Amino acid sequence: MNIQNLLKECGIQSSIGNSDLLTVTVNDLCYDARLAKSGSVFFAMPGRSVDGVTYIPQAYENGARIFVSQKAVDIPADALLVVVEDARKALSSASHHFFGQPSHKLKVVGITGTKGKTTTTTLLYKILSRSGIKAGVIGTNGAYFADRFIPTSNTTPESYDIHKIFKAMIDEGIEVCFIEVSSQGLMMHRVDDVRFEIGVFTNMAHDHISPLEHATFEEYLHWKTHLFTLAKTALVNVDDAYVDAFITQPNLTVYTYGIDNAAQFRASDVQHAFDGNRVGMSFVVNGETVHMNVPGKFNVYNALVVLGVGALLGGDVEKCRKLLNETSVPGRMEVIENDKGVLAILDYAHNGFALENVLTTLQQYEYNRLIVLFGSVGDRSQNRRLELGQVVAKYADVAMVTSDNPGCEDPQQIIDDIVQAFEGYEGKLLTQVDRKLAIEQVVSMAQEKDIVLFAGKGHETYQLIGKEKLPFNEKQIIMNAFEISGKNA
């Protein structure tokens, strides 16, 4: 296929340079100049700080001769520059056609919301795969299908990567793909050309409002709801205050799930379970009792999505119910077993909304002290730091404020920003820039019947310092700290 056909739906504004290249067969697409090669088309997309056109010379040096951009710039005489209105939309459309419209050959289920995307997509993938559906998943933890793993750099990958993975899934006989759909992914047109069989809405909260994310909450909400303009069917959380914004699209078939309000998939008799080092939930759906090995009302909502989507896809719902008790997600309310009699929980909660959900859940269990270790990422919203601090100050008996992906900011300054929320705090407040030392200190002070929450890192195996990802496996560090503490007891 040539570049004219690939961009036939993009509204080509002009072309500059060697027009003979308009009809040359394209071998591949790329948006990273380092991956450009002979026969490939380089898409020069605008970034937050650098415009992709600055990398056209590098792509040229690597062999590319066809470029797509929103700007007209000088190029060598043997090259072709195709100017389009929006380079991101162009990459999406071109990828869709280049890989043979793969989402039309899959049942794609997109999950969006402030919290729950990773947990829900992972549970769907694990459980429905075991209940007889040939499934794959794309999200924060990468892409998994047919015993294959493909790492991804964003919660919702770039459009080229999405369609390439879809094509690989089809080649492996995959029938259904579950994909996390972030507001950033929607705003950056990464899923513009994905045909969604089902769109799922989990919940909505004030987050991701910053110069590097969304300018306002209204913008954030707008892009979240955009998923449902691309979907045939919606499964939405009827208990969420913003649910009505997600079901206004015409010709959208809507199904609901919830706990507090009437819904097609509704949980009742919700119970918290506690057995020494193990915690979980039980509830009833359509007369059948469901057990889970993870705590929290929000995990009941996640389970309802699994049952709802399973039913809509024609899966074995009875088997899904049974598998919910056997399935967990790494770094999401994950219990770290130990010999100290401490209930140690590892969770990815990294904003006020998510952290308060976790802490109110842990309050349902009997304990001596609730100890919380947390931080806040750098290069993001200042409001998040205050919200995190306020939530921890509200619930924790002991608070350890430490580093969590400080990026290019001074980690001590981030900690100082958080500590401002603890004015008048009656518990014990600790700070430690070095997260490993902070973990070891918290574990050493933890006593039998304490609950210790390690919040923020979850499944991550790195610490972002400056622009470098340094190895940091929080789960392993916690396990080592408990082992050392046990030996010293």
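Trainee: Which residue caps the N-terminal end of α10?
Mentor: Asn351 does. One of its side-chain oxygens lies 3.2 Å from the backbone nitrogen of Phe353. Keep in mind that this is a predicted model.

Trainee: Which residues of α10 are buried?
Mentor: Helix α10 covers residues 352-362. Its buried residues are Gly352, Ala354, Leu355, Val358, Leu359, Thr361 and Leu362.

Trainee: New topic, the cores. How many residues does the largest nonpolar core have?
Mentor: That core has 70 residues. Phe178 and Val309 have the most contacts inside it.

Trainee: Which helix gives the largest share of this core?
Mentor: Helix α8, residues 297-312, with 9 residues.

Trainee: And what does Phe178 touch?
Mentor: Leaving out residues up to four places away in sequence, Phe178 touches Val109, Thr121, Leu124, Tyr125 and Leu128, among others. Its contacts also include Ala135, Gly136, Val137 and Ile138. Val309 and Leu313 are on the list too.

Trainee: What about another core, apart from that one? How many residues?
Mentor: It has 33 residues, among them Ala143, Phe145, Leu230 and Phe246.

Trainee: Switching to His96. Where does it lie?
Mentor: His96 lies in helix α3, residues 87-98.

Trainee: Buried or exposed?
Mentor: His96 is buried, because its relative accessible area is 5% and the cut-off for buried is under 20%.

Trainee: What does its side chain reach?
Mentor: The side chain of His96 reaches the backbone oxygen of Asp193, at 3.4 Å.

Trainee: Which residues does His96 touch?
Mentor: Gln101, Pro102, His104, His163 and Asp193, again not counting residues up to four places away in sequence.

Methods
Residues numbered from 1 in each chain as written. Predicted model: local features only at pLDDT ≥ 70, side-chain atom pairs only at ≥ 80, totals over all residues. Heavy atoms only, no water. Buried < 20%, exposed > 50% of the residue type's maximum accessible area, 1.4 Å probe, protein only. Helix = DSSP H or I, 4+ residues; strand = E, 2+ residues; numbered from the N terminus. Polar contact = N/O pair within 3.5 Å; in protein donor to acceptor, adjacent residues only side chain to side chain. Core = buried A, V, L, I, M, F, W, Y, C linked by side-chain atoms within 4.5 Å. Contact = heavy atoms within 4.5 Å.
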